[in-house]
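User: Hey, I'm new to this one. Could you walk me through it?

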Amino acid sequence: MTNKKTLLLSLIALFGSCFLFMTVGFFVTSSQETEPAFTGVYDVNAKEDLLVVTKKDNVETLSFQKNNDHNVTLFDSDLDAYLYSPIFVDDHTAAFIETTGYEYRDNQYDKIAEFAYRTIYSLDLITNERKVIAKARGVLLDLVYIPAKEQFIATGEDISQNVEPQKAESGSHSALYLIEDGQLAEIYNGSYMTPSSMQATEDGTLMLILPDDQSNWTVDTMYEAVERIYETDPTEQPLQLELVSNPDKIEPITDFVQVEDGLLYQTILNYEDYDGVFDYDLVPFSLVNREEGKRLGLNENGIEYLRAPGNDILYYVNRTQAYRGGNAFSLHRYELETGTIDEINVTP
Amino acid sequence: MSAKMNTYLLRIVNQTDCPKEERQDMFDEMYDHLTLIKQTYVEQGYTEKEAEEMAMKEFGHEATIGDGLQQAMFPYRRELLLILALGSYLFVCVQYFSILFVENVANYWLFMPAIAHALILFFSLNKTYIVNRKLWLNLSLVLHLLLMFVFAFPHFNDGLSWHIVFYSILGGTIFLIYRTALTYSFGNSSVIKKRIIHTVNITIGFLLLIGIGFILFAFLLFGDLHPILLLNMSFPFIIWGIVYAIQIRLANKSSKWLNICYFLWIYALLYLAALIFPIYLPELLASDLNDLLFRVIYPIQIFD
């Protein structure tokens with residue numbers, strides 16, 4: 001073989017194998033892409049009925065699942081819109097947020113909240129009748145319903161209503177809103193961080209997670225602050241936040257649910273001995289003797305969106321980070337007494 | 001000597017990475033040898049033209065001879081380039097397939113370094129085309145270094161062995177860049193000077209790449225790559241290229257100005273100081289001096 005032929009064949013072999021491998025990659029990823037895909041957004045009620053959001057072809061769908069039976073489609077979002085925070089209001093009513101999402105300027109860190117469109121809907125699970133609870137501009141993130149007071153509370157960033165939104169001067173404005181007659185009334189804005197894990201208690205108060213420098217934070221305190229669980233009556237103004245979790249706890253709490261005699265929260269076990277990877281786990285906390293119990297030992301760093309439909313049942317989402325390819329979510333049911341874990345099929 | 005024979009010999013010597021005077025020596029030596037062969041054919045009864053044709057045929061293909069001469073100056077050059085090209089390509093393929101099958105993600109851009117692999121493979125195997133010059137080979141090796149670092153860094157795996165293999169590939173590339181630049185067929189005072197110039201300039205080039213690459217990477221992560229920033233960051237490389245070219249040209253001419261030209265390396269020291277002091281050790285210098293040094297790395301400043 002002449003040198004010219006050797007050269008040509010070598011280069012053809014190199015580039016040909018590149019294209020062949022890329023084609024193999026395309027077919028492997030195409031064949032394993034799961035659509036509709038679970039977005040990690042869900043709610044579960046005491047009967048363990050589920051509201052789940054799935055995504056297919058850039059359209060998000062809210063579905064209702066009863067007794068692990070087939071999903072009943074309740075709502076399809078607009079193209080490229082998102083469905084956030086579906087919640088059971090009662091046995092036959094759900095509520096959720098539809099949004100156009102953040103706008104991004106030059107990079108993923110430079111996002112704008114104020115111009116997003118948000119609508120909070122309520123939905124009859126039997127007749128599928130849909131009503132608008134409120135409309136706003138900006139980012140609404142979480143929605144919670146307090147049955148004892150029949151109130152909706154939402155968290156949001158740079159929210160405006162009935163006026164054309166203005167470009168935010170600096171940073172974002174996070175706040176807590178009480179929704180009444182279609183209007184979002186700001187009831188708390190004392191923290192740079194949006195309150196998370198909002199949930200109602202049986203007696204009608206609101207529990208949430210906030211950093212402990214809330215109401216008097218400065219740029220310096222942000223780095224020292226620890227996320228803790230607070231309780232408040234949302235009808236009182238100004239809002240009085242009472243600390244529920246242990247004030248001496250130095251590790252931040254990232255999520256929690258209410259269980260029989262207290263709380264089950266997610267925290268970092270190696271916060272002071274950080275070795276490059278935080279060791280997250282779920283830990284029970286008794287509100288009676290105010291002591292932490294033994295860690296559950298789930299040892300999954302991707303656990304989030306905790307829900308406790310019964311005293312001994314925990315639901316959670318496991319987020320697995322597919323390398324540079326986004327996230328994959330799965331829903332799990334955990335029996336606290338037996339330690340049995342089942343993965344829930346959200347698209348039966 | 002006919003024009004055809006002249007071209008033939010020029011093509012052979014141009015295939016080697018030698019300075020002009022060395023090539024002239026080689027040219028003369030091969031001319032004598034070729035003339036002897038030609039003379040033998042003439043004595044056998046062939047015409048001048050036929051004898052010339054037959055002598056060139058007997059002597060061999062010009063690119064092959066040039067490649068052989070080059071290989072003699074830098075033993076195992078072809079094998080090393082081949083190992084680098086195929087080894088790097090294999091590394092990229094293994095990385096691609098491990099991510100594909102473990103995480104179900106096809107990172108097509110992992111094959112970007114294949115452009116450099118193809119160029120190195122070409123230089124390794126080529127005995128046909130007269131392009132085996134230091135400059136082109138070293139540019140391919142620098143491209144290989146950049147593409148491998150940007151696109152094939154083993155982020156996906158924290159295992160030490162992957163990183164050892166990766167840094168061995170980068171180390172091998174850097175070694176070949178130096179080795180290629182420092183290869184000369186013989187050594188005299190001019191060659192020693194050129195070797196010093198290559199060594200210092202290539203090292204400065206790497207230091208600039210590391211320093212500026214770090215700044216660009218930080219901007220890429222936490223901001224955006226503004227064209228003005230890119231323009232500012234390109235200045236030191238432009239100066240570096242000009243200084244390198246001037247020094248090599250003066251060394252080729254054995255110019256008396258060469259010794260003075262060594263002082264042009266001060267720009268590199270100034271630039272490195274400007275990269276280190278205002279950013280990492282601002283407290284060591286007065287603020288005016290820090291501002292001045294910052295001006296060195298960011299001469300064009302546009303404020304919104």
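User: What share of the contacts in chain A with a separation of 6 or more comes from residues 24 or more positions apart?
Analyst: That share is 39% in chain A, where a contact means heavy atoms within 4.5 Å. Keep in mind that this is a predicted model, where local features need pLDDT of at least 70 and side-chain atom pairs count only at pLDDT 80 or more, while totals for chains, interfaces and linings use all residues. Residues are numbered from 1 along each chain as its sequence is written, chains are lettered from A and ligands numbered from 1 in the order in which they are written, and side-chain values use heavy atoms, with hydrogens and water left out.

User: And what's that share for chain B?
Analyst: For chain B, residues 24 or more positions apart make up 66% of the contacts with a separation of 6 or more.

User: Switching to the surface: what makes up the nonpolar patch?
Analyst: Phe15(A), Phe19(A), Trp109(B), Met112(B), Ile115(B), Leu119(B) and Leu143(B) make a patch of about 590 Å². Patches are built from residues with over 30% relative accessible area and no salt bridge, joining like charges within 9 Å and nonpolar side chains (Val, Leu, Ile, Met, Phe, Trp, Tyr) within 5 Å. Areas come from the Shrake-Rupley method with a 1.4 Å probe, and for residues only the protein chains shown count as cover.

User: Which helices supply at least two residues each?
Analyst: Helix H1 (3–32) of chain A and helix H6 (114–125) of chain B do. Trp109(B) sits in the loop between helix H5 (77–103) and H6 of chain B, and Trp109(B) is partly exposed at 33% relative accessible area.

User: Which residues gather in the patch of negative charge?
Analyst: Glu260(A), Asp261(A), Asp312(A) and Glu337(A) do, on the surface. Here Lys and Arg count as positive and Asp and Glu as negative, with His and the chain ends not counted. The place of a charge is taken as NZ of Lys, CZ of Arg, CG of Asp or CD of Glu. Glu337(A) lies in the loop between strands S23 (327–335) and S24 (341–344) of chain A.

User: Is Glu337(A) buried or exposed?
Analyst: Glu337(A) is exposed, with a relative accessible area of 71%.

User: What about Asp281(A), what does it pair with?
Analyst: Asp281(A) forms a salt bridge with Arg295(A), with the closest N and O atoms 2.6 Å apart. Asp281(A) is buried, at 3% relative accessible area, whereas Arg295(A) is partly exposed at 31%.

Technical notes. A salt bridge is a side-chain nitrogen of Lys or Arg within 4 Å of a carboxyl oxygen of Asp or Glu. Helices (H or I, at least four residues) and strands (E, at least two) are DSSP runs, numbered from the N terminus. Buried means under 20% relative accessible area, exposed over 50%, partly exposed in between (1.4 Å probe, protein chains only).
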